Amino acid sequence: MKKFLKIQMLAVLLAAFTLSACDSDEDDKVDEVMTNTIVDVAVGSDDFSVLVEAVTRVGLVDALADPNASLTVFAPTDAAFSALLTELGASSLDDISDELLTSVLLYHVLGEQMTATQLSDGYYSTLSAGPAEGLNLSLYKNGLMLNDRAEITTANVMADNGVIHVIDKVILPLSITGHAVANSSFSSLVAAVVKAELDETLASDDVRFTVFAPVNSAFDQLLTDLGVTLDDLTAEALSPILLYHVLDGVNPSSSVTAGYFPTLATAFEKNVSLGISTDDGVVLNGSSNVAVVDVVATNGVIHAIDEVLLQPNIVDVALSNPAFSILVEAVVKAELVDALSGDGPLTVFAPTNAAFEALFETLEVDGIADLDVTLLTSVLLSHVVSGNVVSGDLSSSSVPTLNTEKSIDVVVNGGVSLDGDINVVLADVQTKNGVIHVIDGVILP
């Protein structure tokens, strides 16, 4: 009896061990089935052998196989890579540097999972590094097309860590010019840039620019206002207009602040200033709105705007800045608008509203309406100097003004002061007919 019980107990233990081993095998099988990352999908397909080779070569396998990731991959087929090599005149991937290949591959990856229904038309930030720290290159989607180059042929190949959309061409990162060409909303801008022979400059990877890019409707309005067509404008006429939309360096929306900033357009050998306000969105020169920000190109960043910018004169700058509303009222009353809008060059020391309000309090008047026109004209002309005198050209001296009976006592000592107690609080706002220096007091004859 005891022997029988021992045999029976041994059978139970063997059955338990066998069942446990089977369970372990089943667990392994379940784990194996559940491992279906983006890399697994690519490896398991006959269409992505070159993509797998490229990803492996530059060490991106772990990133694309990370089970904790949530990615979108636009996956070029082998035929797409073959077409790319032909396009580049390369015999194999070995002819492409690791640095370039990494940049191109990451340009096909978004940092979040987005199915076809979630991918609306517009710009997306890829994982490919851009021209400045913290900025990644932008990819443009329009319908099934990416950068007006590659077409999504199969969507929503799901993986455990994201989604794959199959594409028929390898997408290449775009320069500023390339992005403008890829988006039909900028076709008028592209035509103007090409006519002005600025397309190669804006495509060069040797430069870094910020471009405020007018959309087609903005150009349509400009041409209507001017009563011309694009064909009527020469390269010489277009170039200064276009350069006024370009800042040197990379300025993403996160770094845009209110103030005046030098563009690549020049007047009197100085860079003409662009006024930026941020009180209600980003507005340029008081009227042009930034509609789309941070289209990151290989050589800079694009912000789309709804109005073409024209280089302002001194009066235009005053009109576009609410801080000069009293000065504008005074200039209009004294009938000096035409004089300050002429060819110049002129230098204007421009009092702010606060400066005028302090004067009104001293004179015990309510405003410009209470001042005699002759006196007002004399006061205003005392703020205007002949020539385009930037702050770097100022020295301690007595400077004659357009009021023949008034000279300004200029003292340069760290800052710039006028007539003893008036300070230049903002210098070198360059316009097409002269330069403005903002002051905190009103100069009196």
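Predicted model: local features only at pLDDT ≥ 70, side-chain atom pairs only at ≥ 80, totals over all residues.
**Overall form**

I started with the secondary structure, which comes to 15 helices and 21 strands. Next I looked up the radius of gyration: it is 33 Å, well over the 22 Å from the globule rule for 445 residues, so the protein is more spread out than a compact globule. The box around the C-alpha atoms, taken along the principal axes, is roughly 130 × 60 × 35 Å.

I then checked burial, and 44% of the 445 residues are buried. For contacts with a separation of 6 or more, I noted that 64% join residues 24 or more positions apart. The accessible surface comes to about 22200 Å², and carbon and sulfur atoms hold 54% of that.

**Cavities**

How many cavities of 30 Å³ or more does the structure hold? I found four.

The largest cavity has about 190 Å³ of space. I listed 19 lining residues for it, and nearest its centre lie Ile-38, Leu-51, Val-55, Leu-64 and Val-73. The elements that each supply at least two lining residues here are α2 (38–43), α3 (49–57), α4 (61–65), β1 (71–76) and α6 (98–106). Sorted by class, that lining has 18 nonpolar residues, one polar and no charged.

I moved on to the second largest cavity, with a volume of about 80 Å³. Its lining is made of Ile-176, Thr-177, Ala-180, Leu-189, Val-190, Val-193, Leu-202, Val-211, Ala-213 and Ile-302. Two or more of these residues come from each of α7 (176–182), α8 (187–195) and β8 (209–214). I counted classes here too: nine nonpolar, one polar and no charged.

Then I turned to open space. The largest pocket holds about 300 Å³. It is lined by 15 residues, and the closest to its centre are Ile-276, Ser-277, Ser-320, Asn-321 and Pro-322. I see two or more lining residues from β10 (259–267) and from β11 (270–277), with β11 giving the largest share, three residues.

Which residues line the second largest pocket? I wrote down Asn-285, Ser-287, Glu-307, Val-308, Leu-309, Leu-310, Pro-312, Asp-316, Val-317 and Ser-320. The volume of this pocket is about 230 Å³, and its lining divides into five nonpolar, three polar and two charged residues.

Methods: Residues numbered from 1 in each chain as written. Heavy atoms only, no water. 1 Å grid on protein atoms, 1.4 Å probe; cavity = no way out; pocket = protein on both sides within 12 Å on 5 of 7 lines; lining within 4 Å. Points joined across faces, edges and corners; volume = space filled by probe spheres on them. Helix = DSSP H or I, 4+ residues; strand = E, 2+ residues; numbered from the N terminus. Nonpolar A, V, L, I, M, F, W, Y, C, P; charged D, E, K, R; others polar. Rg over C-alpha atoms; globule rule 2.2 N^0.38 Å. Buried < 20%, exposed > 50% of the residue type's maximum accessible area, 1.4 Å probe, protein only. Contact = heavy atoms within 4.5 Å. Areas by Shrake-Rupley, 256 points an atom, 1.4 Å probe, with all protein chains shown as cover.
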